[in-house]
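Reader: I would like a close look at a single part of this structure, with the cut-offs stated. Please set it in the context of the whole chain before going into detail.

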Amino acid sequence: DPYIRWIWVQGNLYEDYLLNTAKESGVYIGDQVQLYIPKYNVSGKIDIIVINPETSKLSIVEAKSVYGFNANYVLGSPADRRNGKLGTPKNSYLMQIGLYQYWYANKNEEFEEALLVCGARDTGKYAEYKVKVEPDEELDDEKNYIWYRGHYPNTTLWVNSKIAIEDVLEQYKYIQDCLDSAIIPKRDFDIIYSDEKIDTLYERGLLNKSETTRYEKRKKQIEDGKTRINKQIEKGDWQCNFCNYKNLCYDSNQDPKEIST
């Protein structure tokens, strides 16, 4: 619809801005570099490739634009930034650039860590993260995990996102198997979160201020044995809310429909 198309246009404008800046700075190497992983039938395009003048190494650059209140989660709130911290990149961002890094950059000694650049299209604030893919020595497995750390304006320690490339690729294989077998895959997203998922979001500090207040008030009402309890927070995935086919998946009460093949 027009709204989604406008979001895409704004994302492309931000990418163009970074591309032009890279060219003006003399670090531009290439853009829209295609890659394909045959075994999993996965394709993608690397936004930009730049060279680091200090190390003479190349880096993949992925551009993402954000806006509104949720931008602080990705870019870091003003308090976070004052304390030398940044935000947390979205899992979808990390999975995309992590896959590029693993399949393209890790196989070439000319490359170093990737750069994930997230900018707010309403305020102009941005944050830059370095991303790498490698095993976690503390974990007893052979998986390659996606790591990130703040690079600018604040430098932070490396964090294991706990997202393994092998798990991402296995999900792609599952989708391909469903497609080949004419089976509808399980839903990736929820139009309305369950109480358990709301609990998890609260524990991880992913509810905004008003949602947190409402959640804690409801929780106390339950603990005190009140008969009148506030309604649970209604929250869901934006992917469902903006999907043109959500009425095929959910009924008027937003309960999942049973879909036959």
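How many helices and strands are there in the chain? And which residues is E62 in contact with, leaving aside its neighbours within four places in sequence?

Author: This is a predicted model, in which local features need pLDDT of at least 70, side-chain atom pairs count only at pLDDT 80 or more, and totals for chains, interfaces and linings use all residues. Residues are numbered from 1 along each chain as its sequence is written, and side-chain values use heavy atoms, with hydrogens and water left out.

The chain has 9 helices and 7 strands; these are DSSP runs numbered from the N terminus, with helices being H or I of at least four residues and strands being E of at least two. Along the principal axes, the C-alpha atoms fill a box of roughly 65 × 50 × 45 Å. Of the 261 residues in the chain, 35% are buried, where buried means under 20% relative accessible area, exposed over 50%, and partly exposed in between, with a 1.4 Å probe and protein chains only.

E62 belongs to strand β3, which covers residues 58-66. E62 is buried, and its relative accessible area is 2%. Contact here means heavy atoms within 4.5 Å. Leaving aside neighbours within four places in sequence, the contacts of E62 are K45, D47, Q96, I97, Y100, L115, L116 and V117. For the chain, 52% of the contacts between residues at least 6 apart in sequence join residues at least 24 apart.

The side chain of E62 also meets that of K64 in a salt bridge, at 3.5 Å from N to O. The term covers a side-chain nitrogen of Lys or Arg within 4 Å of a carboxyl oxygen of Asp or Glu. Both partners, K64 and E62, are buried.

A search of the whole structure gives 8 salt bridges, and two others can be set beside this pair. D177 and K173 form one, with the closest N and O atoms 3.0 Å apart. These two residues are 4 apart in helix α5, so about one helical turn separates D177 from K173. D177 is partly exposed at 34% relative accessible area, and K173 is partly exposed at 37%. K235 and E211 form another, their closest N and O atoms being 3.1 Å apart. K235 lies in the loop between α7 (209-223) and α8 (238-241) while E211 is in helix α7, so this pair ties together parts that are 24 residues apart in sequence.

Y67 is partly exposed, with 42% relative accessibility. Together with Y3, W238 and F242, Y67 forms a nonpolar patch on the surface with about 440 Å² of accessible area. Patches consist of residues with over 30% relative accessible area and no salt bridge, with like charges joined within 9 Å and nonpolar side chains (Val, Leu, Ile, Met, Phe, Trp, Tyr) within 5 Å. Accessible areas come from the Shrake-Rupley method with a 1.4 Å probe, and for residues only the protein chains shown count as cover.
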